[in-house]
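Have a look at the structure first.

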Amino acid sequence: MSRFATLATTITHEDIQKAVARGHGPNETPVLTLSAESRVKGYQSICLPLTTANWRERWKNMCIMPSTGDGGNEEVIAAEKEAEAWRKSPSFLLDEVTMTRLDEAEIVVAMASEWLQLDATDDWVRHDSGVALRQEVAYASYLNIPTVILPPPRNRSHVASYGRIVNDCLKNAPYMQFSVRLPIYDPAVFQPKESPPLKSDGDMNSSGASTSPSSSPNALIPSSSPPRSLRSSKAPEGELNATWEMWDVIRTLCDYNVRLTLTLDLTPPLPANAGVLNRWAAEPVQHIFLPASAFIANVKGYPVLPKGTQAFIRQSMIHRPTFILSGATSGLHAMGGESAYAQYVKHLEKSSPVVQATKTDGTVEYFAQGYQDYLQNPLQPLMDNLQSITYQTFEQDPVKYRNYEEAIYRALLDWPDSERIVICVAGAGRGPLVARSLKAIERSGRQAFVYALEKNPNAFVTLQGRKTREWGSSVELIFGDMRRIDVPEPVDILVSELLGSFGDNELSPECLDGAVRFLKPDGISIPASYTAHLAPLSSSKLYNAARENKDLKSVETPYVVMFQNVKILSGDDGGAGKRCGPKIQECWEFEHPGKDVTLDEKGLPLTNSHNVRSARLCFHIPHAGVMHGLAGYFEAVLYGDVGLSIHPHHKDHISKDMLSWFPLFFPFRDPLYLPSNSELQVSIWRLTNDRQVWYEWFAESFLPVASVSPPSEQAEDISGPDGSFFSCTSTHVAMPSPVIDAIDAFPLTEPRPRQASFDSVKASSGVVKIGQTSLHNPGGRSSWIGL
């Protein structure tokens, strides 16, 4: 396969036993034989259990005690002594591990014992499972195994214990990757555990715990394959959130450690809720576990995946995951054999829009290879002189300059007949806009002259060369800062490319304040206006990248980023009461020439206060998520209906495949958890003094509630439409549980008739605050753009 995805196959204990039965050379082992066979079949790695059934049996005999009620039982005492000795110095016996040599482990992704319950209800089972996991991690580290896949969390109530143990493993094995195996949903998370515990002779209780059934629940160690009900059941929205919320607890307890990743288990059928599935795009998915049972047979009998799973896997190529195939040799499907599963995954990779865009010349994805989710500091155009390579990079954007040329061309056609039209290019750089202006002049057939202003002394040398070779007397060059120099005559059309990823973040308003004075009263500015837009964003990768330097400045600096492993958390439906705006919202606008600006005798603003802006935005959060920052975009009107845009919903209609700008990322120092159906209020300011411009940002989260005031004759008995006690007098009726996603928050059920109609209850909606961030970058203490 290509670099977007790799393939691994699962090796089971049965596979190892079959390899033993076949025999092997004196210097080979069953694992080496299976590794070689897997490589021949095209797999890049194998996924192998680290331990055998013998280890499970010994652990059970040590740590799970018979409930005899006889504290002096010799067998129990002996087992307790053995358990204590093991706890003091954990170690394996030879027949308890699947590998003993370094060469066996070369292409292995190890699987920790799936029967370990790091989040068991029983304290001692939880404790001894943690000891066992540390023992397995130490042995994997001894064999130089780079990655260990951890057993899935099973108990929402004790998932914090799971996360604590994983965090301990991360500290004890500083060079090892850990991947939490997790189904996208698990209907059993909040259900009583009904599967029977492991038994030998009689009931079993954990070692060291009370033998009283009421005080020591039985240890439950489920089998490695999910129950039939788990495979076939349709997941409610709350269950879909539950597994993600367990992951969020685990990675938060591990402080977003970059060595902790996800193995998404696609054994259960995927739901159709795209909003829930999209949240995994923002998570560090390293492996995707894909069993043969997840495939269905097509009309010819070959294995294929359901359409929803196909779409999910195609989109998952952004993670460049390893697909772990399981059961490919089981003969589950009539046609194709083992190779059919790998071939199908390769087909999904080739047909993935993510892969196709990256391989298509001229697309943003092709241009930005290597820059996905890479934080870049915005340019300081007034303080710094750009290098030639930077100019060259931006000049590779044909879309931007094509639109600029079209805007200039239309402005020339609309300008009244005149003997001579004056165009001024403010900030000419190495001359691409000058060249496009001359092309527009030629296309329009109008008589025009171009002034080219540039303050960069190095770029000005390049401009002189181009004037000599290409432009001649049709262009006059002027060196200096547009805010301080003058042009020989009034200008009809002012052209500039000073925009940043947020529109105004590279000081286009301040620069053009100095240049619009060149315009005649009826002159045209290109661009005419531009707007900044924001949306709440989740991305553990960007969050970790922003705090990598471990200082305040790094998490209070806006970054230019080509987004990839991100999820926009907001929705478009406006939430309860329609208080919220669209998914991506406008913050503010700048127009040129500006209106109502107080100028001095030179035509320059007296202060920069007119460029101060602020916005307060309200977003609806339909699905639970964690906000790590804000995504910033811009749109610009060049002239008429010609524009530029990096707005995700508009860019393909306005300036498709434009390369010059990536979005802006405003990080938050601490993640903010947002429940389903919550509201997020974001405040952002653009501020300035005599020397600098900077941004400050802040967010608050709320849950909608309804205040109920029933009529007096109904005050004694107020029940919900389903007959349940939903509220009482003088109480707040909460919106549906934050665990339930918005799409199914209000199921369409037929209410039972009641004596007192619920419709007659008067309700007014409100919100309850549940969280907030700190104010970021106050006073421009960490990041600013110099004037």
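Is Ala357 buried or exposed? Ala357 is buried, at a relative accessible area of 17%, where buried means under 20%, exposed over 50% and partly exposed in between, using a 1.4 Å probe and protein chains only.

## Ground rules

This is a predicted model, so local features need pLDDT of at least 70 and side-chain atom pairs count only at pLDDT 80 or more, while totals for chains, interfaces and linings use all residues. Residues are numbered from 1 along each chain as its sequence is written, and side-chain values use heavy atoms, with hydrogens and water left out.

## The big picture

The protein has 20 helices and 30 strands; these are DSSP runs numbered from the N terminus, with helices being H or I of at least four residues and strands E of at least two. Of its 787 residues, 55% count as buried. The accessible surface (Shrake-Rupley, 1.4 Å probe; for residues, only the protein chains shown count as cover) is about 35,000 Å², and carbon and sulfur atoms own 52% of that.

Take contacts, meaning heavy atoms within 4.5 Å, between residues at least 6 apart in sequence: 82% of them join residues at least 24 apart.

Leaving aside residues up to four places away in sequence, Ala357 touches Thr363, Glu365 and Tyr366. Its C-alpha atom is 9.9 Å from that of Phe367, 10 residues apart along the chain.

Lys346 belongs to helix α11 (residues 339-350) and counts as partly exposed because its relative accessibility is 31%.

## Cis peptides

Two cis prolines are worth a click. Ile526 and Pro527 are joined by a cis peptide bond with omega about 15°, and Pro527 lies in the loop between β17 (519-526) and β18 (529-538). Another cis bond links His592 to Pro593, with omega about -5°; Pro593 is in the loop between β21 (585-591) and β22 (613-621).

## Positive phi angles

Asp255 isn't a glycine, but its phi is positive, near 55°. You'll find Asp255 in the loop between α8 (237-253) and β8 (260-265), partly exposed at 49% relative accessibility.

Asn777 also has a positive phi without being glycine, near 60°. Asn777 is in the loop between β29 (762-772) and β30 (785-786), and is buried, with a relative accessible area of 0%.
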